[in-house]
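Trainee: I would like to go through the charged side chains of this model. Please show me the sequence and the structure first.

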Amino acid sequence: MRAASFRIFMPVCLLAISVFSSCTTANVGDGVTADTTPKPQAASENGEIAPLNETDAVTALLQPAAKLAPDTLEAALHDTKASKISYIGAWAADDAGCAKIDQAPYDGFAVITIKSIRQFEENCAINASPPSSNPVSVQATCKAEGETSSRQISLLTTAIGGLQVINKPGAKPVEYVRCELPK
């Protein structure tokens, strides 16, 4: 009887020891390297986004141009250096969200052109101009679900090349990353 208990107990103990030791020594000398994910682009003091290094990879990619709505393509192609309007562009809640814009229902985006802001089911007419301050407020006339409203929308470009949108006074900011066209 004692030998039978030992034969059952020993494998269970060895399994427990194995699991415990893998939990406590994980990633110690197992060849795991440091995270090499590209870091977000940094903005210079004048708000311009620094160019990517040769080793940086852009992961916030839109679908190819042929699959995008006209305003998304216009926003993505906009030359922010020439216009000095850094908030114009295609934006998503995260890198993976960029590929979802204009492809299927997705609510984590903002497409901003000189004349408009589109977010999910809402289209707003605006008059974009170079910001004299950051954040900048734009007067927007918005249409959604058959209703029209007017309000101020605040846009804040961040030091790491992101965007915060405040859709109405007192609302929580929504944060976005800039989406790029694939090369």
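Mentor: Start with a pair: Arg-118 and Asp-71 are both buried, where buried means under 20% relative accessible area, exposed over 50% and partly exposed in between, with a 1.4 Å probe and protein chains only. This is a predicted model, in which local features need pLDDT of at least 70, side-chain atom pairs count only at pLDDT 80 or more, and totals for chains, interfaces and linings use all residues. Residues are numbered from 1 along each chain as its sequence is written, and side-chain values use heavy atoms, with hydrogens and water left out.

Trainee: How far apart are the closest N and O atoms of Arg-118 and Asp-71?

Mentor: A salt bridge is a side-chain nitrogen of Lys or Arg within 4 Å of a carboxyl oxygen of Asp or Glu. Arg-118 and Asp-71 form one, and their closest N and O atoms are apart by 2.8 Å.

Trainee: Which elements hold Arg-118 and Asp-71, and how many residues apart are they?

Mentor: Helices (H or I, at least four residues) and strands (E, at least two) are DSSP runs, numbered from the N terminus. Arg-118 is in strand S3 (residues 116-119) and Asp-71 in helix H2 (residues 70-77), so defined. The pair links distant parts of the chain, and the separation in residues is 47.

Trainee: Which residues are linked with Arg-118 in a network of salt bridges?

Mentor: Arg-118 also forms a salt bridge with Asp-102, at 2.9 Å between the closest N and O atoms. Asp-102 lies in the loop between helix H4 (95-98) and strand S2 (109-112), so this pair ties together parts 16 residues apart in sequence. Asp-102 is partly exposed, at 26% relative accessible area. The network joins Arg-118 to Asp-71 and Asp-102.

Trainee: Which strands does the salt bridge of Arg-151 and Glu-122 tie together?

Mentor: The side chains of Arg-151 and Glu-122 meet at 2.8 Å, N to O. Both residues are buried. They are 29 residues apart in sequence, and the strands are S6 (residues 147-157) for Arg-151 and S4 (residues 122-125) for Glu-122.

Trainee: Arg-178 is buried yet has no salt bridge. Which backbone oxygens lie 2.5 Å and 2.9 Å from a polar atom of its side chain?

Mentor: Arg-178 is found in strand S8 (residues 174-179). The nearest side chain of opposite charge, Glu-180, is 4.7 Å away. At 2.5 Å lies the backbone oxygen of Ser-86, and at 2.9 Å that of Ile-88.

Methods. Lys and Arg count as positive and Asp and Glu as negative; His and the chain ends are not counted. A polar contact is a pair of N or O atoms within 3.5 Å; within protein, one must be able to donate a hydrogen and the other to accept it, and residues adjacent in sequence count only if both atoms are side-chain atoms.
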